[in-house]
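Hello,

Here is the structure for you to look through. My notes on it follow below.

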Amino acid sequence: MESSNYNRTMCACFTAYIVQAIVNNFAPLLFLTFHSQYGVSISRITMLVTVNFGLQLLVDFLSIGLIERIGYRASAVTAQMFAAAGLLLLTILPEVCLDPFYGLLAAVLVYAVGGGLLEVLVSPIVEACPFDHKEKAMSLLHSFYCWGHVGVVLFSTLFFYTIGIEHWKWLTILWSVIPICNALVFLNVPIAPLMEDDKKGMSVKELMSVKLFWVLMLLMMCAGACEQSVSQWASAFAEQGLHVNKMAGDLAGPMMFAALMGIARAVYGKAGDRIDLKRFMYASGILCLSSYCLIALVPNPVIGLIGCGLCGLSVGILWPGTFSIASASMKKGGTALFALLALAGDLGCSAGPTLVGMVSGRNGGSLETGILSGVVFPVLLLLGLLVFTWMTGKNGRKQGAVL
């Protein structure tokens, strides 16, 4: 089948990442509303974030066998429907449960399953499409998570300002329409097999026996940590340093971060055939390290906010770039490779902001000190890239092994 026939597949995958952005970033905008409307404490509401990403981690691992058993199409449709169902349940369950918190928790559990499946599914579906310069397609694909994040914050903020936050349930229903429609699209788009019909991807045990795999896992974990260590604290940093309200802090912090991250991915998605991916990742790692130092060491909140933006720009290529070099260097990795890389990335997404928060808490709430501790992640990423380059040789192939 001609590659032009897979354009609809790419569009469905782009939309799937927008769905994941909705799943991960919409509910946090309502945390204070949940607190005031349902009387749920902030500490219990914080558990919703932990449960969301924790279950996505579990789904990343458990989906390895499931996806191979039922196929990518059925899995993609299932993921969209779980995401839609979780969003819809968010408007129903808190009202019918004796304790609204458990209603919120149940809804989060449902859409977290969809989010975890999407994390594993979408990248290999794009990787299997018969396109040239797949690293460009991968970068462009991941930019749609950023645009989804930006869109969720902007559209939701506009809705709350014009219609009223008390009508949040109607907005939640509107967001659920996107995964429902995309599930119908996935029923009809062509999906190419990740491996040739007569070949089978590597098992988890086989992957774990390859040293290069562990380097890739380190890179993926650091990519997630580099991204989220600043992203999750950008709003608080803006509020603390610039002394602005939450809405302005969200727009100045995570919105700017997400927009610049999306721009980096979109630029590489358009011009990637003229840019060496590994060199781009090295440069991004160095810029990431510099931005962390700018945020933590320059005693000027405006400069620190510029550092947040530069950090978003620097981390844009790290996650999709690691997927691309992993696929190119371990061609037999199959579904298990993508699933475990997603798990490593999600682990980094959790570990990075947790480290920043813990160090900040132990230093009088100083986010600058917390973010300074996060420089360990770009440093490890750069070291990992050096090891990867050495192991794969000048031609990008694993020496002495067939992968």
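The largest nonpolar core in this predicted model has 117 residues, a nonpolar core being a set of buried Ala, Val, Leu, Ile, Met, Phe, Trp, Tyr and Cys residues joined through side-chain atoms within 4.5 Å. Buried means under 20% relative accessible area, exposed over 50%, and partly exposed in between (1.4 Å probe, protein chains only). Phe26, Phe34, Phe186, Leu216 and Met330 have the most contacts inside this core. Helix 5 (residues 100-128) gives the most to it, with 16 residues; helices here are DSSP runs of H or I, at least four residues, numbered from the N terminus.

Leaving aside neighbours within four places in sequence, Phe34 is in contact (heavy atoms within 4.5 Å) with residues including Leu104 and Trp168.

There are 3 salt bridges, each a side-chain nitrogen of Lys or Arg within 4 Å of a carboxyl oxygen of Asp or Glu.

- Arg44 pairs with Asp99, the closest N and O atoms being 3.1 Å apart. Arg44 lies in helix 3 and Asp99 in the loop between helix 4 and helix 5, so the pair ties together parts 55 residues apart in sequence.
- Lys169 meets Glu95 at 2.5 Å, N to O. Glu95 is partly exposed, at 42% relative accessibility.
- Glu227 meets Arg265 at 3.5 Å, N to O, and both residues are buried.

Residues are numbered from 1 along each chain as its sequence is written, and side-chain values use heavy atoms, without hydrogens and water. As the model is predicted, local features need pLDDT of at least 70 and side-chain atom pairs count only at pLDDT 80 or more, while totals for chains, interfaces and linings use all residues.

Regards

Key
Helix = DSSP H or I, 4+ residues; strand = E, 2+ residues; numbered from the N terminus.
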